[in-house]
Amino acid sequence: MPKTKEKRPPDGWEAMSDATRREILTMLKHRPHTAGEIADQFELSGATVSHHLCVLRESGLALCERRAQTLIYSLNRAAFRALADELAFFLKK
C-alpha cells in the first residue's frame, strides 16, 4: 500500500509565492478588510479568492475574525517579523 503524504499547512514563504496573495497582503497592510471587500478588488471567482484567503490564514500571515456573518481579515505582523528574522539569517556574515 503506498504511503500518502500528510497534508501540512503552507508556510509563509509558500503563501507569499503567489502574486494575488501578495496583493491581498498589501491591502491588509493598510487596514483590515472584509472578505467581500477583498473579493471586490479581483476579477476572480469567490471560490478562488476564498482559497487565497485560506492559504494566508493557514500560513499565519493573515488573521481572521468573525463578526456576526462577516469575516474580517487583518495582517499578522508577528508572522512577518518571524519571516524577517529568517531572512536576516542569510544577510549575516
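Tutor: Let us take Leu56, which lies in helix H4, bearing in mind that the model is a predicted one. Leu56 has a relative accessible area of 0%, and because the cut-off for a buried residue is under 20%, Leu56 counts as buried. Setting aside residues up to four places away in sequence, Leu56 touches Ala15, Arg21, Ile24, Leu25, Leu61 and Ala62. Lys29 lies 27 residues from Leu56 along the chain, and the C-alpha atoms of the two are separated by 13 Å.

Leu56 also belongs to the largest nonpolar core, which has 17 residues, and is among the members that touch the most others, together with Ile24, Leu28, Ile38, Phe42, Leu53 and Leu61. At least two residues of this core come from each of helix H2 (19-30), helix H4 (46-59), strand S3 and helix H5 (77-91). In soluble globular proteins, nonpolar side chains tend to be buried together.

Asn76 sits in the loop between S3 and H5 and is buried, with a relative accessible area of 18%. Leu63, for its part, stands opposite Ser74 in S3, where strand S2 (residues 62-67) and strand S3 (residues 70-75) run antiparallel and are joined by six bridges. Two residues lie between the strands of this hairpin, in which Ala68 adopts a positive phi near 60 degrees.

Definitions and conventions. Residues are numbered from 1 along each chain as its sequence is written. This is a predicted model: local features need pLDDT of at least 70, side-chain atom pairs count only at pLDDT 80 or more; totals for chains, interfaces and linings use all residues. Side-chain values use heavy atoms; hydrogens and water are left out. Two strands pair if DSSP finds at least two bridges between them. Helices (H or I, at least four residues) and strands (E, at least two) are DSSP runs, numbered from the N terminus. A nonpolar core is a set of buried Ala, Val, Leu, Ile, Met, Phe, Trp, Tyr and Cys residues joined through side-chain atoms within 4.5 Å. Buried means under 20% relative accessible area, exposed over 50%, partly exposed in between (1.4 Å probe, protein chains only). Contact means heavy atoms within 4.5 Å.
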